[in-house]
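Have the fold open in a viewer for this one. What follows is a walk through a few strands, a helix and some ring pairs.

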Amino acid sequence: MALRRFSVMNVGVLEYGRCLELQKLLLERRMLEQVNDTLVLVQHHPPVYTVGKRRAVGESEILWSSSELQSHGVVVHRIDRGGEVTWHGLGQITGYPIFHAKALHSALCTEPSTGFVPWWVGTLEKALLRTLAHHGVMDAGISSSFPGVWVGKRQDRKIAAIGLQIKRGFSMHGFALNVCPDLSFYRGIIACGLATKGVTSMAAELGKPALTVDEVLPTLVRSFELELSACSEQTSSASWNVP
């Protein structure tokens with residue numbers, strides 16, 4: 001039986017707004033079955049705080065003033081994913097799986113009573129856990145109360161965030177894995193609305209300040225292949241006319 005396939009689009013460093021437009025274009029094409037399931041991998045710059053749709057007021061969890069945001073070069077985007085406030089920037093792998101999640105659930109889920117959205121969130125979490133374990137972050141785990149991936153005996157430090165939008169069974173937005181970012185940007189927000197929780201990175205947990213995104217990317221792609229019983233192929237963003 002042939003393995004299913006998905007595409008990997010590594011766009012390098014890209015401004016958040018442009019990448020959001022790329023996601024929307026890919027989602028439209030995916031829903032028309034004009035492209036394969038596609039995993040977009042990116043580092044965002046300039047740094048950005050994104051505010052999810054759970055937060056009615058939005059900026060209430062952004063602690064920095066307008067002048068502080070400006071001095072740190074941070075842009076704020078209010079978007080239509082689940083979740084609350086988070087940060088994206090250099091040293092963090094942001095992944096946007098533009099996938100037909102509902103179809104994958106039908107093909108892969110061994111517990112039919114599990115809804116496809118919880119299954120899809122769990123699948124992303126397991127791919128991230130595989131990646132972290134491969135690089136030696138052995139105390140990472142998931143929480144029954146909060147999405148994402150956490151480290152520490154009390155699961156009190158978030159190392160990867162997840163926030164999705166599902167449209168007619170198709171997924172956009174995704175996850176953010178902290179590899180080697182400047183964690184000081186998290187001082188400007190209450191990350192994911194959790195004031196009592198901390199934020200960390202692979203570099204901090206491993207004591208490897210020289211760890212790079214390029215070292216982790218291949219492991220992450222392989223982890224997705226294993227979780228989805230699939231093989232990947234590289235695709236380029238060059239032909240997509242993103243403003």
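Helices (H or I, at least four residues) and strands (E, at least two) are DSSP runs, numbered from the N terminus. This is a predicted model, in which local features need pLDDT of at least 70, side-chain atom pairs count only at pLDDT 80 or more, and totals for chains, interfaces and linings use all residues. Residues are numbered from 1 along each chain as its sequence is written, and side-chain values use heavy atoms, with hydrogens and water left out.

Let's begin with α6. This helix covers residues 213-228, 16 residues in total, and spans 22 Å from first C-alpha to last, close to the 22 Å expected at 1.5 Å a residue. That expected span is 1.5 Å times one less than the number of residues. Quite a list of its residues is buried, including V213, V216, L217, L220, V221, F224 and L228; buried here means under 20% relative accessible area, with exposed being over 50% and partly exposed in between (1.4 Å probe, protein chains only). An α-helix has 3.6 residues a turn, so residues three or four places apart point the same way. Just after α6, S229 takes a positive phi of about 50 degrees.

Next up is strand β3, residues 48-51. V48 and T50 point one way, Y49 and V51 point the other, and all are buried. In a regular strand the side chains alternate between the two faces of the sheet. Which strands does β3 pair with? One is β4 (residues 75-78), parallel over 4 bridges, with T50 standing opposite H77. The other is β5 (residues 85-88), antiparallel and also joined by 4 bridges; there, V48 has H88 as its bridge partner. Strands count as paired if DSSP finds at least two bridges between them.

Buried or exposed? I62 counts as buried because its relative accessibility is 10%. Leaving out residues up to four places away in sequence, I62 touches Y49, V51, L69, V76, V85, G188 and I189, where contact means heavy atoms within 4.5 Å. By contrast, the C-alpha atoms of I62 and I142, 80 residues apart along the chain, are separated by 25 Å.

Now for the rings. Those of Phe, Tyr and Trp (its six-membered ring) pair if their centres lie within 6.5 Å; planes under 30 degrees apart are stacked, over 60 edge-to-face and the rest tilted. The count comes to 8 aromatic pairs, and two of them are set out here.

| Pair | Centre to centre | Angle between planes | Type |
|---|---|---|---|
| F6 and F99 | 5.7 Å | 45 degrees | tilted |
| Y49 and W64 | 6.1 Å | 50 degrees | tilted |

F6 lies in β1 (residues 4-14) and F99 in the loop between β6 (92-98) and α3 (101-108), so this pair ties together parts 93 residues apart in sequence. Y49 belongs to β3 and W64 to the loop between β3 and α2, so their pair links parts 15 residues apart in sequence. F6 and F99 are buried, and so are Y49 and W64. Ring pairs also link F6, F99, W119 and W120 into a cluster.

T38 counts as buried because its relative accessibility is 4%. Among the residues T38 touches, not counting those up to four places away in sequence, are S7, M9, L26, Y96 and F99. The T38 side chain also reaches the backbone oxygen of N36 at 2.9 Å.

Notes
A polar contact is a pair of N or O atoms within 3.5 Å; within protein, one must be able to donate a hydrogen and the other to accept it, and residues adjacent in sequence count only if both atoms are side-chain atoms.
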